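Student: Could you walk me through this model before I set anything up with it? I'd like to begin with the pocket lining.

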Amino acid sequence: MPLLRGCSHRLFSISQIGVLGVSLTVHFVCLLKHIVRGEVGMAVASKTRNMLENLVREGSFKWLIGNRGPFDDELEEMERSPSAPTNWIPELSPIANVVVRRCSKILGVPSTELRKGFSAEASESIKHPSCYARNFLEYCSFRALALSTQVTGHLADKRFRRLTYDMMLAWEAPASDSQPLLNLNEDLSVGIEAFSRIAPSVPIIANVIISENLFEVLATSTGGRLQFSTYDKYLSGLERAIRKMRIQSESSLLSAVRSSRGERILEVDGTVTTQPVLEHVGISTWPGRLILTDHALYFEALRVVSYDKPKRYDLSDDLKQVVKPELTGPWGTRLFDKAVFYKSISLSEPVVIEFPELKGHSRRDYWLAIIREILYVHRFIHKYQIEGVKRDEALSKAVLGILRVQAIQEISSAPLRCEGLLMFNLCDQLPGGDLILETLANMSTVSELNRSNSSKSGGGMYSISALDMISNLGFAFGTSSNNSAEAGLAVGEVTVGQLTSLEKAVKESKNNYEKVAQAQATVDGVKVEGIDTNFAVMKELLFPLMELGKWLLSLALWDDPLKSLVFCVVFTYIICRGWLSYAFALTLVFVAIFMMLTRFFTQGISDHEVKVLAPPPMNTMEQLLAVQNAISQAEGFVQDGNVVLLKLRALLLSLFPQASEKFAVALLVMALTLAFLPGKYVVLLIFLEAFTRYSPIRKTSTERLMRRLREWWFSIPAAPVLLERDKEEKKKR
C-alpha cells in the first residue's frame with residue numbers, strides 16, 4: 001500500500017515553481033502574518049481572504065498546488081476501501097489495478113475471483129511471471145468489454161470510452177515495475193501497439209487487419225501518439241454513423257426491393273443539389289440518387305418531381321463484375337477523373353457513375369472504395385463457399401469497416417485513403433493478402449472448438465466477434481435465423497496472451513509490404529525522362545547480353561576459325577553424349593555461385609549505381625523529331641510483319657501454286673525428320689547448320705543458297721487486303 005499512497009499524492013519543488021512562485025509565496029506568508037498580528041483591519045483581512053479563495057477556486061493557483069491526475073480519485077478510494085488489501089494486486093501497476101477494479105465492477109466479480117478464473121483458464125506459458133500482468137489485464141478487459149458492449153448505446157457512454165482508452169494506457173505499463181514509464185501528471189497518450197491490441201477487441205472500433213492504418217490516421221496530428229480527445233471524437237463519429245445507418249435502413253427507401261434479402265443501406269448520395277450524381281449509359285446521362293446496400297448498388301434517375309424506378313447493379317452474385325476508376329467529359333471526351341466504371345455480364349453495356357466536384361476526386365475515391373469493399377467481401381464468400389452465420393460474420397466485418405471510414409471522414413479534414421481502412425480492399429492490395437483471407441476463412445472451423453471450450457470455462461480468453469458486435473448495435477444481417485453463439489461461431493480476432501493465426505498472417509504480410517514499398521521507392525527514384533536518356537540506360541543495362549551476342553555471332557561467322565572450330569567440336573560432343581541438360585544446369589550453377597561471391601565480396605560497399613553516359617540534351621523540336629522517327633520505324637516493323645503474314649497466307653491458300661508446292665514439300669521433309677530422327681540428332685543438325693554455315697568449307701554454297709531463298713521469297717505475292725469502314729463511322733461522316 002505505500003506504493004499506492006505515494007502515487008496518489010503529488011509533490012512539487014521550488015525549482016519547478018520558479019522565481020515567480022517563490023515571490024508570491026513569500027508575499028502570501030507575510031500577508032498572513034500581518035493578518036494574524038492585527039496589523040491589517042478585519043475588513044481588509046476578509047477582503048484578502050475572499051480574493052485568495054476565489055483565485056484558488058478559479059484555478060489560478062493550479063500551477064502552484066499541482067494538477068490532480070485522472071486516476072487520483074480512484075486510487076484514493078481504493079486506499080480507503082476496507083477490501084483494499086485483498087483486491088490490490090501487487091503484480092500490477094496502480095493504473096492497471098484501477099482498470100481491473102473497473103472490470104470487476106462491470107462483471108460483478110471481485111478481483112480475487114478474476115485471478116482464480118484466469119489461473120484456471122490460462123495455460124502455463126500465459127501465466128509466466130514475465131507476462132502475467134499484461135495477460136491478466138487482457139483477460140479482465142476482454143471479459144468486461146464483452147459484457148459492456150451488450151448494453152444499448154454503449155458507444156455514447158463516456159465511461160465506456162474512458163474505460164477502453166484506460167485499458168490501452170494500462171496495457172503499455174501493466175506491471176508494478178513498469179509504472180515509471182507513465183507520468184500521470186502529463187497529457188496521457190497511447191501508442192500503436194496498445195491500440196492494435198485493445199481496440200480490435202471491440203470490432204466496431206477496429207479490427208486486426210486495419211488497426212495500424214487506423215491508428216496512423218488518428219494520431220497523425222499528435223506526433224504518432226493517440227490522445228483521448230481524438231479517440232473520443234472518433235467514437236462520437238462512430239456513434240453518429242451507426243445512428244445514420246439505422247435510420248436509413250429502417251426508412252421506406254427501397255423497402256420493397258430490399259425486403260427479400262434483408263439488405264441494409266450503407267450510404268446514399270445525390271440528394272443534395274450541390275453534390276449531384278450522374279449516370280452515363282452509352283450517350284445518355286441522367287442525374288439521380290445513388291444507394292449502396294450490403295448486396296448491391298442502386299441508382300434512381302431524377303425526374304421532374306420524383307425518382308424513377310431504381311436500377312440494380314448487383315455486387316453479391318458472381319457476374320464477373322469490373323469496378324474501377326474512370327475518366328469522363330463532355331461529348332465522350334476523357335478529361336475528368338471523377339467517375340466509377342461498372343461492368344458485368346448481366347449488362348449489355350457498361351455503366352459510368354460520375355461524382356462531380358470542383359476540386360479533387362475524394363467523393364469518387366470514397367465511393368469506389370466502399371463499392372469494392374462490398375464486391376470483395378462477396379467474392380470472398382463465393383471463393384471459400386461460406387454460408388449461414390459465417391457469411392453474416394464476413395458481411396459484418398465489411399459493414400463495420402464502412403462505418404469506421406464514415407466516422408473518420410466526419411472528424412478529419414485531411415485527404416483520406418479509404419482503401420487502407422477497409423479490410424477486404426487492403427487484402428486485395430497487400431502482398432500475401434490472399435493468405436490473410438484464407439486464414440480468415442479457416443478461423444471459423446478452428447474456433448468452434450475454442451468457443452465451446454471457452455464457454456465451459458467462462459469465455460474470457462477471447463474477444464467478441466464482429467457479428468456479435470453488430471447484433472449488439474441493433475442490426476441483423478442476412479436471412480440466417482441462427483444466433484452466432486448457438487452456431488458455435490468463432491469469438492473475436494484477439495486472444496489473451498498470444499497471437500492468433502490471423503494476427504500472424506497480417507504481421508507477415510505487412511512486413512512483406514514494407515519490403516515492397518522500399519523496393520518501389522527505388523523504382524520510382526531511377527525513372528528518368530526523355531526517350532534518348534531511357535535508351536541510353538537500356539543500352540547500358542543490356543551491354544553484357546549484347547557483348548555475349550556479338551561473341552556468338554563472331555563464332556557463327558568464323559571470324560576466328562580456331563575458336564569457332566573448338567566451339568563446334570565441344571558442343572557437338574556435348575549434344576552427342578546427351579549432356580545438353582547438364583550443360584544448362586551447370587550454367588545456372590555458375591550464375592548462382594557468381595551471385596554469392598559478389599554478395600560476399602561487396603558487403604559494406606554502397607556504390608552499386610549503374611553509370612550511364614548521358615546523351616546530349618535535346619530541345620523540344622529535336623524530341624518531337626525523335627518521337628516521329630521512332631513511330632516511323634515502328635510503323636515500318638509493323639508493315640514488314642504484315643507482309644510476312646500475308647505471304648504465308650498466300651502460301652497456305654495456294655495463291656501461287658508453284659511456290660506453295662515447294663513449301664509443302666519442305667514441310668513434309670521437316671515432319672519426317674522430326675518423326676523418325678531422335679531428338680538429340682535433330683538438335684545436332686540445327687546446331688551444325690547454324691554454326692558451320694559460314695565456315696570456309698560451306699561459305700560459298702551458303703551464300704548461293706541464301707540468294708536463291710531470297711529470290712523465291714520475293715517472288716511470292718501477298719494476299720490482297722480490303723479495308724472496310726464501320727457503318728456507324730459512315731453515318732457520322
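Student: So, by class, what is the lining of the largest pocket made of?

Tutor: This is a predicted model, and in it the lining of the largest pocket has 18 nonpolar, 13 polar and twelve charged residues.

Student: How many residues line the largest pocket, and which lie nearest its centre?

Tutor: The lining has 43 residues, and those nearest the centre of the pocket are I192, S196, S211, E212 and N213. The space in this pocket comes to about 1,200 Å³.

Student: Which helix gives the largest share of that lining?

Tutor: That is α20, which contributes eight residues. Several helices supply at least two lining residues each, among them α9 (132–148), α11 (192–198), α12 (211–218) and α20 (501–526) itself.

Student: What joins β5 to β6?

Tutor: A hairpin does, passing through two residues; strand β6 (residues 296–301) runs antiparallel to β5, with five bridges between them, and G288 has A301 in β6 as its bridge partner.

Student: Where is D559, and is it buried or exposed?

Tutor: D559 sits in the loop between α22 (543–556) and α23 (561–577). The residue counts as exposed because its relative accessible area is 55%, and the cut-off for that class is over 50%.

Student: How far apart are D559 and Y694?

Tutor: Along the sequence D559 and Y694 are 135 residues apart, while in space their C-alpha atoms are 9.3 Å apart.

Student: Last one, on the whole chain: how many helices and strands are there, and what percentage counts as buried?

Tutor: The chain has 29 helices and ten strands, and 38% of its 733 residues count as buried. Of the contacts with a separation of 6 or more, 65% are between residues 24 or more positions apart. The chain exposes about 43,200 Å², of which carbon and sulfur atoms supply 61%.

Terms used
Residues are numbered from 1 along each chain as its sequence is written. This is a predicted model: local features need pLDDT of at least 70, side-chain atom pairs count only at pLDDT 80 or more; totals for chains, interfaces and linings use all residues. Side-chain values use heavy atoms; hydrogens and water are left out. Helices (H or I, at least four residues) and strands (E, at least two) are DSSP runs, numbered from the N terminus. Buried means under 20% relative accessible area, exposed over 50%, partly exposed in between (1.4 Å probe, protein chains only). On a 1 Å grid over the protein atoms alone, a cavity is a set of points where a 1.4 Å probe fits but cannot get out, and a pocket is an open set with protein on both sides within 12 Å along at least five of seven lines; lining residues have an atom within 4 Å of a point. Grid points are joined across faces, edges and corners, and a volume is the space filled by probe spheres set on the points. Ala, Val, Leu, Ile, Met, Phe, Trp, Tyr, Cys and Pro count as nonpolar, Asp, Glu, Lys and Arg as charged, and the others, Gly among them, as polar. Contact means heavy atoms within 4.5 Å. Accessible areas come from the Shrake-Rupley method with a 1.4 Å probe; for residues, only the protein chains shown count as cover. Two strands pair if DSSP finds at least two bridges between them.
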